[in-house]
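Dear colleague,

I am passing on the structure we spoke about, with its sequence, and would be glad if you could look it over. My notes on what was found follow directly below it.

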Amino acid sequence: MNSVFDTRHLYRSYFKMAFPVVLGLVVSLIYNLADTFFIAQTNDTNLIAGVSLCSPVFTTLMAFGNIYGQGGSSLISRLLGQNDTESVRRVSSFCFYIALVTGLVLAVLMSIFNHPILMLLGADSATLPHAFDYYIVLVICAPVIVLSFIHSNLVRCEGMATYSMIGTIIGAIVNIILDPILISVVGMGAMGAAIATVIGYLCSVLYFLRLLHRKKTCLSVSLSHCHVKAAEVRQIMGVGITAALSNLMQSLCIIVVNQFLLPYGNDKIAAMGIVLKINMIAQLILTGFAFGGVPLFGYLYGAGKRNELKRLVKFCVSFMSALSLAFTAFLCLAATPLMGAFVRDASIIAAGSVMLRWQAATTVFAGIVLLFTVLFQASGMVVPAFILSISRQGVVFVAALLICVKLFAYNGVLMGQAVSDVISCIIAAALLVRYNPMR
């Protein structure tokens, strides 16, 4: 493992792991932006809003994939640090098959309860037909989407970050090619966008399965290896659920915000849907640099190299803070032209520009919270990881939003996330003092 995780050149090893993850996530963003862009070109406000309302559905499916993808990768990184390859085979096989079963269960349940779920998401008589077309394809194909997040996480534990990126890129290219064909040429609208997305994810899953078959690796999808100890399950689920909570809380945020925006019109919901996708550029790049370090964080922690871990974390805090400030400046200055690139409706552009500036204002605080969250996850520290997972886009966000709306009405909806980011960053700093994996 020394040839992969060069602890003598920590920063070089970090960027070697992180850059492919960043590129892969940027491509994943293009995945999502492709749907938004081609749907927005129809200039049908109800269609745009209908697809935007389903964003939490995808985020929820991603969350369940990350239970086993991120929970498994955290444990596998530490096992590799201990040179326990047999346990790596067992854990990786378990993560694959439990993800498949989870996807099947979700597909059944979410199909049965489609109407109440869509109502909860904020659909009304105008947006419901479009939202249903997009929703039903995603949930029927839930096993494919959930599985796509397993090996894209696990292969990075063995230093194969580039292969993880390639798998994501393959799916994105397929999606981008199919989007305009199915949405506009074939005329399938929202359903076409969802079908293109699912086919892209299927291609990624098939790529990773072929990679494991052809390349010498400790990872396994053999049923004979699919058995784990109770302690290993607790580690996978403990860390994985905290990681998934971040995604589920993000879904909750979108649902709550859409409910607060509903009285102000579907154009506000459509604007927020586009804003969240644009802001995701910064968030995913920061996520890439945070999660890119997880295999290295976990390896150093598992190997007991605390001084090296401390040095790496200090560097990551400085680097991500500088990057976050740069994103804040760019998104605030370019808010209007960025909105104009997606939609031509003047009211949506005007509303979205203000929303985007509020979303971007506190990016540096969000970046620090994200880094400390993945540090705790990589170290197997469930309690602080759990607290942070339900704070910035969970309990703290909802509390901040309710107070801000009470004080500032519509403007309070826009500033809720910024207030939550600052408070959550303070909580993250306090948790690092209390639970310090670098000691």
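In these notes a residue is called buried when its relative accessible area is under 20%, exposed when it is over 50%, and partly exposed in between (1.4 Å probe, protein chains only). Helices are DSSP runs (H or I, at least four residues), numbered from the N terminus.

Please keep in mind that this is a predicted model, in which local features need pLDDT of at least 70 and side-chain atom pairs count only at pLDDT 80 or more, while totals for chains, interfaces and linings use all residues. Residues are numbered from 1 along each chain as its sequence is written, and side-chain values use heavy atoms, with hydrogens and water left out.

I begin with helix α2, residues 45-53, which is mostly covered, seven of its nine residues being buried. These are Leu47, Ile48, Ala49, Gly50, Val51, Ser52 and Leu53.

The next point is the nonpolar core, meaning a set of buried Ala, Val, Leu, Ile, Met, Phe, Trp, Tyr and Cys residues joined through side-chain atoms within 4.5 Å. The largest such core has 133 residues, and Phe297 and Met355 are those with the most contacts inside it. Helix α12 (residues 266-291) supplies the largest share of this core, 13 residues. If residues up to four places away in sequence are not counted, Phe297 touches Ala290, Leu309, Leu312, Val313, Cys316, Leu371, Val374, Leu375 and Ala378, where contact means heavy atoms within 4.5 Å.

Finally, the structure holds three salt bridges, each defined as a side-chain nitrogen of Lys or Arg within 4 Å of a carboxyl oxygen of Asp or Glu. In one of them the side chains of Arg89 and Glu86 meet at 3.5 Å, N to O; both residues lie in helix α4 (residues 85-112), three residues apart, or about one turn of the helix. Arg89 is partly exposed, at 27% relative accessible area, and Glu86 is partly exposed as well, at 40%.

Arg90 forms a salt bridge with Glu232, with the closest N and O atoms 2.8 Å apart. Arg90 belongs to helix α4 and Glu232 to helix α11 (residues 230-261), so this pair ties together parts that are 142 residues apart in sequence. Arg90 counts as buried at 7% relative accessibility, as does Glu232 at 9%.

The side chains of Arg392 and Asp421 also meet in a salt bridge, at 2.5 Å, N to O. Since Arg392 lies in helix α19 (residues 391-408) and Asp421 in helix α20 (residues 410-434), the pair ties together parts that are 29 residues apart in sequence. Arg392 is buried at 13% relative accessible area, and Asp421 is buried at 1% relative accessibility.

With best wishes

Definitions and conventions
Helix = DSSP H or I, 4+ residues; strand = E, 2+ residues; numbered from the N terminus.
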